[in-house]
Amino acid sequence: NTYKIILINPQAEKYLGVKKDQVIGVKTFEDKIKQLPNFKKIINKIPPNPLKLKTIKENVLIKTPKKKYLQVVTSPVYDDRKTFLGFVKVLHDITKEKEIDQMKSEFVSIASHQLRSPLSSLKWLIEILLKKRIGDLTEEQSKLLGQMDISNERMIKIVQDLLNVSRIEEGKASLELKKTDLNKIIQETISILNPQAEQKGIEISFEEIDLPEINLDPEKIKIAIQNLIDNAIKYSKEKRPIEIKEQIKDNQLLVSIRDNGIGVPSEDQDRIFTKFYRSEDAKSLVVHGTGLGLYITKKIIDAHKGKIWFKSSDQGTAFYIKLPTNLK
Ligand code: ADP
């Protein structure tokens, strides 16, 4: 509690390339610490107001003597009477996990890149056949080709999701902001997804407000909006409407997408934006699905410095997106 280092164990000495005599008795902000680069890296996250500290978990890259990723957990220590005694930092070497994670991401990235072009060729080939460019088809043949087309589109969507995730994880998903007509994007998305909605007897209404063009990455926002409306349709009950509304609140644009669907189980609500999450109800209602859409959507909205959240019950779900736009 005086920021003086009072203990370091042999394994930590090894991880950080320091000897106990160099650090014991030294205060964390002293110049001596600055000369120990690894040590300085793990020690700097001690907040000036310790009483407010909750446990902090961070990953730190150590470069010497060998490249190593450490997970550093910082926790306050109290005695029986809740008197604050100081901090403890626990280090875990997570280098292997990081390497495996990186290999997995590379594999996903390469596999999805490689799958993209044969799938696009299939798409065009099926289309040539379906349009009867090289001869007539029987009804049965058309039907089967139609089903092939749907399966192929599904694979294209999965591969696209995986590619988007790889780009995000490789940090290659920077935004290309330009003046964008958001209402047009929403209208276009609705018309793309309308056939899917009509199959379930669902009507999509859009109460738009007058909007000037705003600075957004149109391609990415389109992906986000499409994921949300697509989910609203997929997880909606039959013949129930979907409402999309816009509102300006505190100079920010708020878009809401409300369905009357199966809802998100309350015990799962904090996992909904994590990769691969799908609720049991969702899996039995819509067999196919990657659980990547909302993860990607949140990353896109976060990158725009916006916010996304939702409210859900067994009566339905409403997703909200807030975009900073400086609108009045
Ligand atoms: P996918 O739709 O491919 O399963 P998402 O990442 O888009 O993946 O969604 C993750 C999960 O969140 C879904 O499987 C479902 O359980 C839940 N979910 C998303 N949107 C809704 C919604 N509008 N209503 C109910 N559940 C939803």
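1. Which backbone N or O atom lies 2.8 Å from an oxygen atom of the ligand? It belongs to L294, and the pair is a polar contact in the sense of two N or O atoms within 3.5 Å. The model is predicted, so that local features need pLDDT of at least 70 and side-chain atom pairs count only at pLDDT 80 or more, while totals for chains, interfaces and linings use all residues. Residues are numbered from 1 along each chain as its sequence is written, and side-chain values use heavy atoms, with hydrogens and water left out.

2. A backbone N or O atom of S279 lies 2.9 Å from an oxygen atom of the ligand, whereas D259 places a polar side-chain atom 2.8 Å from a ligand nitrogen atom. The protein buries 98% of the 540 Å² that the ligand exposes when taken alone, where accessible areas come from the Shrake-Rupley method with a 1.4 Å probe.

3. The ligand is surrounded by 19 residues, counted as near if one of their heavy atoms lies within 4 Å of it; the closest are N231, Y235, D259, R278 and L294. Two or more residues of this shell come from each of α8 (218-234), α10 (293-303) and β10 (316-324), with helices (H or I, at least four residues) and strands (E, at least two) taken as DSSP runs numbered from the N terminus.

4. For the chain as a whole, there are 10 helices and 10 strands, and the C-alpha atoms fill a box of roughly 85 × 45 × 40 Å along the principal axes. Of its 328 residues, 39% are buried, meaning under 20% relative accessible area with a 1.4 Å probe and protein chains only.

Key. Polar contact = N/O pair within 3.5 Å; in protein donor to acceptor, adjacent residues only side chain to side chain. Buried < 20%, exposed > 50% of the residue type's maximum accessible area, 1.4 Å probe, protein only.
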